[in-house]
Amino acid sequence: MNAPSVLNAAVKRDPEKGAIVRQDNRHLIHPQHHPSEHRDPHVWVSGEGVKLTNLEGEQYIDGLAGMWNVYVGHGRQELVDAASRQLGTLAFATAYAGSTHLPAVELAETLKRLVYPNIDAFYFTLGGSDATDSSIRTARFYWGAKGRPDKFKVISRRLSYHGSTIGAAAATGVDEFSAVFGPRANGFLQIDSPYPYRFTTERTDVSPGVAAAELLEEAIVREGPETVAAFIAEPVQGGGGGVLVPQADYFQRIREICDRYDVLLISDEVITGFGRTGKWFALEHWGVQPDILQFAKGITSGYFPLGGIGVSGAIKEVMDSVPPDLRWMHGYTCSAHPVACAVAIANIKILEEEGLVERSAALGKRLRENLAALDDHPHVGEVRVLGLLAGIELVADKATGERYPSGSGVGKRVRDALFSRGLLTRVLDETICLAPPLVVSEDEVDRIARIVIESIVDVTGR
Ligand SMILES: Cc1ncc(COP(=O)(O)O)c(C=O)c1O
């Protein structure tokens, strides 16, 4: 498609924007690229606190904190200073075995203090997808080193999102991420999500949460426990599921099943880590510890790319005890990038000093109270909130939970209605997702809730 044909009237009206978009269309490939969604893109030029400003000078509340990641808000000078100090001191040095540097050491030490007590050591990646790959490779490595190389399969859940590399997309439970890219990598399978609003079971002997968890046991037994390396799950399914908060007894049962069958539990906390749900890490809500924790996004609030994994003491011990020729042969040039680590340290300092994890819990409650007006709305199936992470699922029929027919355009109309009232966020199918920066004020939380309610009424006519 040639560039000018994708420019719509709005862009043509603004010659500066028109020129930028024309260039963009010519040479830039976007995540989830398609020109049909890029006729009149937002051109963001600056950010301050919870607000983003576009090329036209209009301000919007950043309801998804960028990509669920700008926890401490936009325009934080402390992070600019941390990055610039590090760039001026040591912009890059390798952290491959045989070398290290101070920001990486300090960050690992800081994380040890904040994560689940059993997690002992950390490896840093550039983001969440490579963190997923690192987790999976580590799980397979662990079993191989323990003399069980046939334990290689990875079980995940439908409606999960774990990233877009070959391995992470194979674990992801949304088929569109794999369908157009040829066969999925071998050794990945999925079970149903807990999804309390829609999960049904014929079982009456256990709670729905336990029944949902026992789908994992069924899968492990069916595949053969001697073939299964790990179960990977987001504590709250975000980008694939539309903020699905599991039943309160789900993860405890999952932990028991993993222990019984020697399956490692990987907690993908790329969205839920660092206070997003009102706890530093989200399995804390249910008193469960994973064997591998993976993170990204909020660790630097998006000011510099960084992700990583934390592994249990048992896994670290195996990594340390294999002979050199059988080592954990995994690494990226920019693993533990010094600038990323320095920004992460400064970002975590802000999270701690400003009590943002506690604020996330408190403001999440306020958001939930504000959204209570939707509980009886005929087109709101469910309002899900945990900390400052929320999903509001719209349905055609509240009584039956029937979804809007595909192609109804309801999700898109709601997204536009939110935007026209000054709130930028993602609507996944018909679920409005909210994850504002954790520095959002009480007034801004109230405003976000008001905009959501007005927009739903506007689109559904009720
Ligand atoms: C839970 C989860 N895991 C992994 C990823 C992939 O992270 P990245 O986009 O940084 O590669 C994401 C991204 O949204 C995510 O939400």
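Reader: How many residues of domain 1 are in contact with residues of domain 2?

Author: Two residues are in contact if their C-beta atoms, placed from the backbone, lie within 7 Å, and by that rule 28 residues of domain 1 are in contact with 23 residues of domain 2. Please keep in mind that this is a predicted model, in which local features need pLDDT of at least 70 and side-chain atom pairs count only at pLDDT 80 or more, while totals for chains, interfaces and linings use all residues. Residues are numbered from 1 along each chain as its sequence is written.

Reader: Which elements supply the side of domain 1 that touches domain 2?

Author: Helices (H or I, at least four residues) and strands (E, at least two) are DSSP runs, numbered from the N terminus. At least two residues each come from helix 3 (65-68), helix 13 (356-370), strand 11 (380-386), strand 12 (389-394) and strand 15 (431-434), and the largest share of this side, five residues, belongs to helix 13. For classes, Ala, Val, Leu, Ile, Met, Phe, Trp, Tyr, Cys and Pro count as nonpolar, Asp, Glu, Lys and Arg as charged, and the others, Gly among them, as polar; this side of domain 1 has 15 nonpolar, nine polar and four charged residues.

Reader: At what angle do helix 13 and helix 15 pack?

Author: Axes are lines fitted to C-alpha atoms, for helices over the stretch in contact, and angles run from 0 to 180 degrees between N-to-C directions. Helix 13 and helix 15 (residues 442-460) pack at about 35 degrees, with their axes 9 Å apart. In their contact, Leu 363, Arg 366, Leu 367 and Asn 370 of helix 13 meet Glu 442, Val 445, Asp 446 and Ala 449 of helix 15, a set with four nonpolar, one polar and three charged residues.

Reader: In what order do the seven strands of the open sheet stand?

Author: Two strands pair if DSSP finds at least two bridges between them, and the seven strands follow the order 4-10-9-8-7-5-6, with mixed pairing. Strand 4 (119-125) and strand 6 (188-191) each have a single partner strand, so one side of each is left without a neighbour in the sheet. From one strand to the next, the twist averages 20 degrees. Within this sheet, strand 8 (residues 264-268) and strand 9 (residues 292-295) run parallel and are joined by three bridges, and Asp 268 has Gln 294 in strand 9 as its bridge partner.

Reader: Which strands does helix 9 lie across?

Author: Helix 9 (residues 208-223) lies across strand 5 (153-157), strand 6 and strand 7 (228-233), and runs at about 145 degrees to strand 6.

Reader: Which residues are closest to the ligand?

Author: A residue is near a molecule if its C-beta atom, placed from the backbone, lies within 6 Å of it. The ligand is surrounded by 15 residues, of which the closest are Gly 127, Gly 128, Ser 129, Gly 163 and Val 270. Helix 6 (residues 128-145) gives the largest share of this shell, three residues, and by class the shell has four nonpolar, nine polar and two charged residues.
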